[in-house]
Amino acid sequence: MTLKDYLFTSESVSEGHPDKVCDQISDAVLDAFIANDVKLGIADDSHANTRLGCEVLATTNKIVVAGEGRASEPYMKKYGNQTIVNREAISEIARNVVREIGYDQNGFSFHGADVDVLLHGQSPDIAMGVDAKKKGGNLGDQEGAGDQGLMFGFACRDSEEYEKGSFMPAPIYFSHKILEVLSKARRSGELPDLQPDAKSQVTVRYVNGKAVGAAKVVVSTQHRETTAKGKKYNSGMIREMISGHVEKSLPKGWMPKKASDFFVNPTGNFVVGGPDGDCGLTGRKIIVDTYGGFAPHGGGAFSGKDPTKVDRSAAYAARYLAKNVVAAGLADRCLIQVAYAIGVADPMSLYVDTQGTGKVDERKLEKILSDIFPLRPTNIRRGLQLNKPIYQRTAAYGHFGRKPERDGGFSWERTDLVPELKRAFGAR
């Protein structure tokens with residue numbers, strides 16, 4: 001039996017959160033490698049383009065960039081069986097990300113941090129399974145999956161009147177939005193005493209399966225120790241500073257009316273933050289990156305992984321299909337699972353669950369989705385135009401629920417399959 005009246009909570013973290021600093025560095029390295037491939041005209045050649053599994057650790061004035069990959073000069077160069085990595089160039093990428101985020105503090109600074117680059121060449125055993133086979137001199141569709149695993153995509157109409165067609169669960173959507181509004185105010189100088197690190201948490205009340213309001217809101221945001229006049233900040237002052245911005249992030253009437261339902265910096269102080277306050281790691285915020293716990297997650301992180309790695313690309317494809325199913329009116333909720341074996345192009349399985357809201361047969365829907373958009377890695381990569389430098393922007397405020405961009409960013413948020421899906425089921 002499915003509950004219709006309930007509370008559900010999701011959280012988000014800002015671009016200055018330690019884990020998100022690492023995610024953005026990992027994806028900035030990926031973007032640089034892909035942009036170089038685009039410049040060289042080899043971005044869509046499976047035998048020459050970027051391969052990357054980049055992991056980053058950040059702590060007090062220390063950044064470690066590790067992993068394996070394949071890239072063109074000037075970033076990597078082959079000497080026999082060895083791969084020479086341009087550590088200076090990659091170190092500069094990391095520093096630029098930290099500068100863009102806004103960290104120039106004693107404990108973590110874009111110019112003061114020590115950067116270690118420990119990247120090495122991709123394993124030939126992995127490359128052998130992933131690289132596409134040539135068919136008659138042309139690249140075929142036999143690019144193998146970059147790893148085994150299972151991925152999920154999800155979309156819903158639970159709060160469409162509030163979140164304007166993103167087809168995302170309300171708790172994660174508004175958790176992201178609160179922090180985006182605060183970040184914009186910090187960067188513009190409107191709230192100059194805020195610092196980059198922040199977290200939010202929104203508990204949404206559902207009535208008859210629809211989101212109707214925020215029951216609780218929590219915001220923890222890093223701040224300067226004192227005001228411009230030298231007065232020491234406390235949580236009450238920060239609450240007064242940000243409450244208007246939080247309220248305008250939410251639909252009208254959603255802001256909790258009781259002061260006890262709106263928590264700001266509950267520990268009382270948040271001056272030491274970012275990697276100086278807590279060690280950061282790539283890939284540790286996978287629930288923040290996806291659906292806020294509202295739908296399953298296969299376990300694989302996204303950031304720092306090139307699109308042959310189905311942890312990322314197939315999760316994007318599953319979201320793409322689920323969103324189009326809901327946008328076509330075939331269901332109010334759609335969950336999709338897809339699974340792969342490393343080196344094998346065709347998925348091991350495809351599962352579609354409309355969670356009791358479907359208006360069409362789910363097994364027929366599985367077949368039609370597979371026909372319309374085959375879930376082989378090469379088709380995903382090309383169909384969603386993933387061989388572009390579009391990844392750093394995904395590494396904060398969620399990979400889903402964003403607007404498709406002209407340069408191909410967030411292409412998996414398009415709803416261009418809707419007409420074909422409607423025709424397949426005779427829908428209007």
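Author: What follows goes through the sheet, then the helices.

Residues are numbered from 1 along each chain as its sequence is written. This is a predicted model, in which local features need pLDDT of at least 70 and side-chain atom pairs count only at pLDDT 80 or more, while totals for chains, interfaces and linings use all residues, and side-chain values use heavy atoms, without hydrogens and water.

The open sheet has 4 strands in the order S6-S3-S2-S13, with mixed pairing (strands are DSSP E runs of at least two residues, helices H or I runs of at least four, numbered from the N terminus; two strands pair if DSSP finds at least two bridges between them). S6 (114-121) and S13 (280-281) stand at the edges with a single partner strand each, so one side of each has no neighbour in the sheet. S2 (residues 51-59) pairs with S3 (residues 62-70) in the antiparallel sense over 9 bridges; Gly 53 has Glu 68 in S3 as its bridge partner.

Helix H1 (residues 18-40) lies across S2, S3, S6 and S13, at about 150 degrees to S2 (axes are lines fitted to C-alpha atoms, for helices over the stretch in contact, with angles from 0 to 180 degrees between N-to-C directions). Helix H2 (residues 87-101) lies across S3 and S6, at about 130 degrees to S6. The axes of H1 and H2 come within 9 Å and cross at roughly 130 degrees. Residues making this contact (heavy atoms within 4.5 Å) include Ile 25 and Ala 28 of H1 and Ala 94 and Val 98 of H2. Ile 63 is in contact with residues including Ile 25, Ala 94 and Val 98.

Methods:
Lists of a residue's contacts leave out its neighbours within four places in sequence.
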